[in-house]
Amino acid sequence: MGGYLHVATTAPTREDARTLLRGVVSGRLAASGQIFGPVIGAWWHAGEYGEGEEWVVLMKTSAARYPELERHLLEAHPWDNPEITTYPIGGPTPYLEWITKSTTP
C-alpha cells in the first residue's frame with residue numbers, strides 16, 4: 001500500500017452514505033470524501049443475481065489511518081459484508097501533506 005489512498009464503499013441510501021462519510025471525516029479517519037449517486041449496481045450475493053440503486057462514497061486517507069478507517073466502516077455500515085476497496089493515490093506534496101494533517105488525531 002502506498003502512503004495515500006482512495007477508499008471506496010457503497011451504501012443503500014443517500015442518508016446511509018452521508019452518515020458513513022460524516023463519521024469518517026469527523027473522526028479524522030479520512031481527510032475528505034464525496035458521495036456519488038444514485039448509481040445502478042449489479043452483483044452476485046448468496047448465490048443469486050441482484051440489481052439496485054447504490055450510493056458510492058469515495059474517501060481520501062493516509063495508509064497509516066486505513067486500518068482504523070476500515071474498522072469504522074465495517075462497524076458502522078448497514079450491510080454485513082460491505083464493499084470496501086482501496087487504491088493508491090499521488091499528487092502535489094502540499095495536497096498529500098494536507099491529507100496527513102487532516103487525518104492526524
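**Around Thr10**

Author: Let's start with Thr10, which, leaving aside neighbours within four places in sequence, is in contact with Glu54, Trp55, Val56, His77, Trp79 and Glu83. Bear in mind that this is a predicted model. Thr10 sits in strand β1. Is Thr10 buried or exposed? Its relative accessibility is 7%, and buried means under 20%, so Thr10 counts as buried.

Two of those contacts, Glu54 and Trp79, turn up again at the largest pocket, where they are among the lining residues closest to the centre, along with Trp43, His45 and Asn81. That pocket holds about 340 Å³ of space, and 13 residues line it. Strands β2 (32-45) and β3 are the elements that give two or more residues to the lining. By type, the lining divides into five nonpolar, four polar and four charged residues.

Now back to β1, the strand that holds Thr10. The largest share, four residues, comes from α1. This core has 16 residues, and those touching the most other members are Val7, Val24, Met59, Tyr66, Leu69 and Leu73.

Met59 is worth a click: not counting residues up to four places away in sequence, its contacts include Leu5, Val7, Leu21, Val24, Leu69 and Leu73, plus His6, Thr9 and Ser32. Apart from this core lies another one, of five residues, among them Tyr4, Ile89, Leu96 and Ile99.

Definitions and conventions: Residues are numbered from 1 along each chain as its sequence is written. This is a predicted model: local features need pLDDT of at least 70, side-chain atom pairs count only at pLDDT 80 or more; totals for chains, interfaces and linings use all residues. Side-chain values use heavy atoms; hydrogens and water are left out. A nonpolar core is a set of buried Ala, Val, Leu, Ile, Met, Phe, Trp, Tyr and Cys residues joined through side-chain atoms within 4.5 Å. Buried means under 20% relative accessible area, exposed over 50%, partly exposed in between (1.4 Å probe, protein chains only). Contact means heavy atoms within 4.5 Å. On a 1 Å grid over the protein atoms alone, a cavity is a set of points where a 1.4 Å probe fits but cannot get out, and a pocket is an open set with protein on both sides within 12 Å along at least five of seven lines; lining residues have an atom within 4 Å of a point. Grid points are joined across faces, edges and corners, and a volume is the space filled by probe spheres set on the points. Ala, Val, Leu, Ile, Met, Phe, Trp, Tyr, Cys and Pro count as nonpolar, Asp, Glu, Lys and Arg as charged, and the others, Gly among them, as polar.
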